[in-house]
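Welcome, and thanks for taking a look at this one. Please keep the sequence and the 3D view open while you read the briefing below.

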Amino acid sequence: MGRAIFLYFVAILAFWSVCVVKSEDGYKYYTWTVTYGNASPLGSSQQVILINGQFPGPKLDTVTNENIVLNLVNKLDQPFLLTWNGIKQRKNCWQDGVLGTNCAIPPNGNFTYKFQPKDQIGSYTYFPSTLMHKAAGGFGAFNVYARSVIPVPYAKPAGDFTLLVGDWYKTGHKGLQQILDSGKSLPFPNGLLINGQGRMSFNGDQGKTYMFRVSNVGLSTSFNFRIQGHKLKLVEVEGSHVLQNMYDSLDVHVGQSVTLLVTLDQSPKDYYIVASTRFTKTVLAATSVLHYTNSRAPISGPVPAGPTNEIGWSMDQARSYRWNLSSNAARPNPQGSFHYGAIKPTRTIVLANSAPIINGKQRYAVNGVSHINPDTPLKLADHFNIPGVFSLNSIQSTPSGNGANLAPSVLGANLHDFLEVVLQNNEDTMQSWHLDGYDFWVVGFGAGQWTQDSKKVYNLVDALTRHTTQVYPKSWTAILISLDNQGMWNMRSAIWDRQYLGQQLYLRVYNPTQSLANEYDMPSNALLCGKAVGQKRS
Ligand SMILES: *[C@@H]1O[C@H](CO)[C@@H](O)[C@H](O)[C@H]1NC(C)=O
Ligand SMILES: *[C@@H]1O[C@H](CO)[C@@H](O)[C@H](O)[C@H]1NC(C)=O
């Protein structure tokens, strides 16, 4: 190609991309009011948390890079925040909505979140990060659709269903909090819900293909998902386009989301949609209905059975989730053009969870530190240089001894580091770990104690990236994280009683040179609390 022609093309491309940005990086405005209300998800009426009168909360349908301006009005009797699970908040942890970055919105107060799902696609969720509010509702779906100029590796489905599945208690969020505050662990949940209900119907035409966005919005329990007589084609996992394998059923752990395609290729009747709990002594199940519009018979036959305690089965399935290297995600370049396996980690961090008793009470800890939230959000303390709120490296980067103490848990790291993080679970329970601000490559699962030798089984070619990973009982999971997002980022157990009682920490991704290219300024409407009250906004 001649140079002049080449430049001409570059000019056209530049003009075109400006137009695209103008036409698609639009603004969406929302006002969401949070109140108490009543619902009967398990048959009897109980108090739930509503957003604009809805339980679950409204579905947020957005397009990559759209600007979301969402004014959240708190009409509860307790401070409240929402967090956007898996939305990376690039350079902008100010919008993350957790107690380490934001002051909770007081009763009758409000806060306007302003953020973009930047360079992201996929099925996500939002939920309350404060107290035990998540046990009462306030959660919802957050779907990010690809921009019209970006291809997706599947044909447009005939319809798009959202299934928010989670364990549920008859005891309200205050009652559950009281149990935890008194030093006890939570009892077994009373049920499993799909979209806050006992049974729902999803309707589709025979022969057509539908998208199912399935998320685990529960507090503590993994589930297995399946549809009677139908195969599930996995297409996307938390922003990764995966090799489109077919599954009879899939495990979804707390905080995770998967996107499936299902072709209605069976005879015209109604079929069970089932979610049932995994790794629990008692199995809880929720069923909904897949209804063919030309259906001639109601649901029938036994509810299809799923795996219950099989750990190896689940681990093998997790290993089968692979990045499609030739497919793009939100950006036009193929996912495989980032050769994560060729990067030598700058640091290895081993995080071990434990369940210590501290001051006579049940707590949960990471590397001997059980996190407590100071009155002043860590990010504000950092921003205003307020001493005495947290100390850096209050948590060690490898497990230490047996003791545990209560402290704000902050691990320092440098912007552009490439971390290898080993999640070591020496307990006999399922774990689910989430990191805000990032997705990470899940490169390995293994039984027992991780050692240097464990690296030999890492998938350094086509592991997928996601924001939440499970760690099996008495096992380890290894993840790689490219620290390209400056800020104060919450890394937490997605098992909600565990994070409430201290199994979380903050990763402070820092660069000594302050630059708006790396991190946005504190927003002018940021709420101030604790020792940040009265600080001068710059
Ligand atoms: C609260 O809502 C009002 C509009 O009703 C808005 O002007 C204000 O900025 C909001 N407060 C915060 C802290 O975002
Ligand atoms: C991987 O992605 C490519 C490009 O989008 C697509 O054509 C192909 O079918 C995908 N492969 C699998 C196995 O999903």
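Here, a residue counts as near a molecule if one of its heavy atoms lies within 4 Å of it. This is a predicted model.

**Around ligand 1**

- The residues surrounding ligand 1 are Asn-71, Asn-110, Phe-111, Thr-112, Asn-525 and Leu-527.
- Sorted by class, this shell holds two nonpolar and four polar residues, and no charged ones.
- Strand E6, which spans residues 110–115, gives the most to the shell around ligand 1, with three residues.
- Thr-112 takes part through its backbone, with an N or O atom 2.8 Å from an oxygen atom of ligand 1.
- On its own, ligand 1 has 360 Å² of accessible area, and the protein covers 48% of that.

**Around ligand 2**

- Which residues surround ligand 2? They are Pro-153, Leu-243, Gln-244, Asn-324, Ser-326 and Ser-327.
- The shell around ligand 2 has two nonpolar residues, four polar residues and no charged residues.
- The side chain of Asn-324 places an N or O atom 2.3 Å from an oxygen atom of ligand 2.
- Gln-244 contributes a polar backbone atom, which is 3.0 Å from an oxygen atom of ligand 2.
- Of the 360 Å² of accessible area that ligand 2 has on its own, the protein covers 52%.

**The largest nonpolar core**

- The largest nonpolar core has 50 residues, and those with the most contacts inside it are Leu-351, Val-421, Ile-481 and Met-491.
- Strand E35, residues 504–510, gives the most to this core, with four residues.
- Domain 1 (22–145) and domain 3 (335–532) each supply at least three residues to this core.

**A closer look at Ser-493**

- Ser-493 belongs to strand E34, which covers residues 487–493.
- Is Ser-493 buried or exposed? Ser-493 counts as buried because its relative accessibility is 0%, and the cut-off for buried is under 20%.
- The side chain of Ser-493 reaches the backbone nitrogen of Ile-495, at 3.1 Å.

Notes:
Residues numbered from 1 in each chain as written. Chains lettered and ligands numbered in written order. Predicted model: local features only at pLDDT ≥ 70, side-chain atom pairs only at ≥ 80, totals over all residues. Heavy atoms only, no water. Polar contact = N/O pair within 3.5 Å; in protein donor to acceptor, adjacent residues only side chain to side chain. Areas by Shrake-Rupley, 256 points an atom, 1.4 Å probe, with all protein chains shown as cover. Nonpolar A, V, L, I, M, F, W, Y, C, P; charged D, E, K, R; others polar. Core = buried A, V, L, I, M, F, W, Y, C linked by side-chain atoms within 4.5 Å. Buried < 20%, exposed > 50% of the residue type's maximum accessible area, 1.4 Å probe, protein only. Helix = DSSP H or I, 4+ residues; strand = E, 2+ residues; numbered from the N terminus. Domains from an automatic or database assignment.
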